[in-house]
Amino acid sequence: MKRIGNLYAQATCLDALHQGYVDARKGKRARFACHAFERRLGAQLSDLAQSLEAGTYAPRPYNTFMVHEPKPREISAPAFRDRVVQHAVYNVIQPIFDRTFIDQSFACRPGAGTHAAADYVQHGMQISRPDSYTLHLDVRRFYYSIDRGILRALVERKLKDRRLVDLMMAFAEMPGPVGLPIGNLLSQLHALIYLNPLDHYIKRELGVRLYCRYVDDLLLLDLSRDEAIAHRDAIEHYLADHLRLQLSKATMAPTRRGVNFVGYRTWASRRFVRKHALSTFRQAARRGDLQSVVSSLGHALKTASHHHMVNHLQEHHHALHHQLPKSHRRLHDPCAAAA
């Protein structure tokens, strides 16, 4: 693998930091931290550039808090200045690493979100043999179990710029030798890098034709029952031997039963959002929260659930239904379509 160097200056110059600021402020301009940074924008960016050049820059302590959806997790929110630096670094290194990923590595990549993953899964089920099996695997406490020594070695296989690698790893620091802070932009890229060798092992060594991954959620399609068992064991050993990870679950089932993946219950012929998503949608509708309702409908757009959800609004929350963007209303509302 060709290693790339001389990137540190490119990622930490004033132009890169200014673009990092532009990216970091998206969706956060109303927040105090963003506003405070903007008030002295030139000085803030200049100070960051100087400290990065001098080697004195260090990320500030995180603001940590708990979230409980879909499961309890501790979020480590970086200071806004550190978001700026992360975006600047990410803009330089993401294209380099992205070229090493398989096409079916979804999440935190342009054009590779939940809809793309669900589309791939449904198409894979449509071309699978009628008597085939699916194998659904999940890594136990993935972010909390990543070995940072192994992560650094994987990063250094592609980057030979020591200063840039040190800066990347500064955003991976946590107490103890394992774990990444959840909430960092670079943690998302680190996660993709960490399981990338597993993706290539499954595709190249195991020869699995239909396979995809969304963060630590793995799905293998069109397998015989014996293949599913053998692949489960092989992947479990690979994770333990090479990445020091364990599986938290392994579900093997006939393809005709469908799969739960990236928030959808999917069969070859149809797709539904999960019950939790429907519950969240109905709660938002009762609150009159248009933004959350539209977000839920966007998640359901390519599913059979979308029609049900729009009809529910039309019958029980008529005023909210009338405020929906036409992209949702016109699918089911003749009056909206005529407009």
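Mentor: Before we start, two strands are said to pair if DSSP finds at least two bridges between them. Please also keep in mind that this is a predicted model.

Trainee: In E6, which residue is the bridge partner of His-136?

Mentor: Strand E4 covers residues 133-139 and strand E6 covers residues 217-223. E4 and E6 pair in the antiparallel sense, and five bridges join them. Within E6, the residue that partners His-136 is Leu-219.

Trainee: And in E7, which residue is the bridge partner of Leu-137?

Mentor: E4 also pairs with E7 in the antiparallel sense, here over seven bridges. E4 is mostly covered, with six of its seven residues buried. On the E7 side, the bridge partner of Leu-137 is Ala-250.

Trainee: How far apart are the end C-alpha atoms of helix H11?

Mentor: Helix H11 comprises the 19 residues 225-243, and at 1.5 Å a residue these should span 27 Å.

Trainee: How wide an arc around the axis do the buried residues of H11 cover?

Mentor: The buried residues of H11 are Ala-228, His-231, Ala-234, Ile-235, Tyr-238, Leu-239 and Leu-243. They lie on the same side of H11, because the arc they cover around the axis is only 140°. As a general point, an α-helix has 3.6 residues a turn, so residues three or four places apart point the same way. The arc asked for is therefore 140°.

Trainee: Which exposed residues does H11 carry on the face turned away from its buried side?

Mentor: The buried residues of H11 pack against strand E4, helix H8 (148-156), helix H10 (185-205), strand E6 and strand E7 (247-254). The face turned away from that buried side carries exposed residues instead, and these are Asp-226, His-237 and Asp-241.

Trainee: Which strands stand at the edges of the open sheet of three strands?

Mentor: This sheet has the order E8-E9-E10, and its pairing is antiparallel. Each edge strand has a single partner strand, so one side of each is left without a neighbour in the sheet; the edge strands are E8 (259-261) and E10 (271-273).

Trainee: Which residue in E9 stands opposite Phe-261?

Mentor: E8 and strand E9, which covers residues 264-266, run antiparallel and are joined by three bridges. Opposite Phe-261, the residue in E9 is Tyr-264.

Trainee: Is Cys-212 buried or exposed?

Mentor: A residue counts as buried under 20% relative accessible area. Cys-13, at 32% relative accessibility, counts as partly exposed. Cys-212 has a relative accessibility of 0%, so Cys-212 counts as buried.

Trainee: With which residues is Ser-296 in contact, leaving aside its neighbours within four places in sequence?

Mentor: Ser-296 has its place in helix H13, residues 290-299. Ser-296 has a relative accessible area of 14% and is therefore buried. Leaving aside neighbours within four places in sequence, the residues in contact with Ser-296 are Phe-281 and Met-309.

Conventions
Residues numbered from 1 in each chain as written. Predicted model: local features only at pLDDT ≥ 70, side-chain atom pairs only at ≥ 80, totals over all residues. Heavy atoms only, no water. Buried < 20%, exposed > 50% of the residue type's maximum accessible area, 1.4 Å probe, protein only. Helix = DSSP H or I, 4+ residues; strand = E, 2+ residues; numbered from the N terminus. Expected span 1.5 Å × (residues − 1). Arc of directions from axis to C-beta. Contact = heavy atoms within 4.5 Å.
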